[in-house]
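Hi,

Here is the structure I said I would pass on. Have a look at it first, and then read my notes below.

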Amino acid sequence: IRSAFLRVLTGAGGELRVDEPPRWDVPATEGRPDFVADARRLLPYARTERMARLLLEQIDGAPRRFFRELESLGADERAGKLRRAQALAAIGRAFYSPPRVLLLGPVNAGKSSLLNALLMRERAIVSDIPGTTRDTVEELMEIGGIPIHLVDTAGIREGRDHVERLGVERSVRAMEQADLVLAVVDLTGAG
């Protein structure tokens with residue numbers, strides 16, 4: 001979506017400079033929130049179609065309608081609606097700062113195969129030779145319209161050589177930066 005949006009802008013003869021995406025948690029205006037200005041500022045950086053649709057709804061006045069509806073509700077209904085909205089905030093944050101999901105486990109457990117299966121393409125090299133993955137392999141994917149950084153890692157074991165030890169060190173560092181670590185184990189006994 002972002003590339004299509006940028007093509008439309010540049011195709012119309014405009015000059016475009018792409019900097020770092022704006023931070024989602026810093027409002028466009030001081031004082032009272034301006035949901036429309038924030039959505040317009042963030043729309044070019046939408047990572048998924050779902051995110052773009054939500055920003056367009058925001059531009060179309062969805063927050064204003066939400067607050068108007070709250071005013072018409074009783075205290076219990078209002079509290080329930082606010083709790084549901086608060087629960088959805090984590091999903092909103094994921095649009096702007098995708099969670100890092102790390103695949104971690106011993107050598108030949110199937111981490112790279114799992115990465116490829118989730119991406120539905122061959123992104124990581126897979127072989128039966130232990131230690132094939134020596135570096136982290138990262139890919140942005142989406143689940144239900146929510147972007148996720150999926151990270152494949154080298155197998156955790158005592159490195160047999162300097163390069164393999166560096167790969168294991170990178171896996172450990174990546175684990176420290178992950179929002180979620182998925183432990184991958186081979187239950188077939190083949191690995």
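**What I found**

Let me start in the sheet: Val101 has Leu150 of E3 as its bridge partner. Helices (H or I, at least four residues) and strands (E, at least two) are DSSP runs, numbered from the N terminus, and two strands count as paired if DSSP finds at least two bridges between them.

Before going on, some housekeeping: this is a predicted model, where local features need pLDDT of at least 70, side-chain atom pairs count only at pLDDT 80 or more, and totals for chains, interfaces and linings use all residues. Residues are numbered from 1 along each chain as its sequence is written, and side-chain values use heavy atoms, with hydrogens and water left out.

**The sheet**

The protein has seven helices and four strands, which run α-α-α-α-α-β-α-β-β-α-β from the N terminus on. The four strands make an open, mixed sheet in the order E2-E3-E1-E4. E2 and strand E4 (180-183) are the edge strands, each pairing on one side only. From one strand to the next the twist averages 25°.

Going through the pairs, E1 and E3 run parallel and are joined by four bridges; besides the pair I opened with, Leu102 stands opposite Val151 in E3. E1 and E4 are also parallel, with four bridges, and here Leu103 stands opposite Leu182 of E4. E2 and E3 pair in the antiparallel sense over seven bridges, with Met141 opposite Ile148 in E3. The hairpin of E2 and E3 has two residues between the strands, and Gly144 takes a positive phi near 60° there.

E1 is well covered: five of its five residues are buried (under 20% relative accessible area with a 1.4 Å probe, protein chains only; exposed is over 50%, partly exposed in between). In a regular strand the side chains alternate between the two faces of the sheet. In E1, Arg100, Leu102 and Leu104 are on one side and Val101 and Leu103 on the other, and all are buried.

Ile148 is in contact (heavy atoms within 4.5 Å) with Pro98, Pro99, Val101, Glu139, Leu140, Met141 and Ile143, leaving aside its neighbours within four places in sequence. Over the whole protein of 191 residues, 31% count as buried. Of the contacts between residues at least 6 apart in sequence, 53% join residues at least 24 apart.

**Two helices**

Helix H2 (residues 35-42) packs with helix H3 (residues 49-59) at an angle of about 145°, and their axes are 8 Å apart. The axes are lines fitted to C-alpha atoms, for helices over the stretch in contact, and angles run from 0 to 180 degrees between N-to-C directions. H2 brings Phe35, Val36, Asp38, Ala39, Arg40 and Leu42 to the contact, and H3 brings Leu55, Gln58 and Ile59.

**Loops worth a look**

Most residues other than glycine have a negative phi, and most peptide bonds are trans. Asn108 has a positive phi of about 60° although it is not a glycine. Asn108 is in the loop between E1 and H6 and is partly exposed, at a relative accessible area of 28%. Met120 also has a positive phi of about 60° without being a glycine; Met120 is in the loop between H6 and E2 and is exposed, with a relative accessible area of 74%.

And which residues does Gly131 touch? Not counting residues up to four places away in sequence, Gly131 touches Val107, Asn108, Arg157 and Glu164. Gly131 lies in the loop between H6 and E2 and is buried, at a relative accessible area of 12%. From Gly131 to Val107 is 24 residues in sequence and 6.1 Å in space, C-alpha to C-alpha.

Cheers
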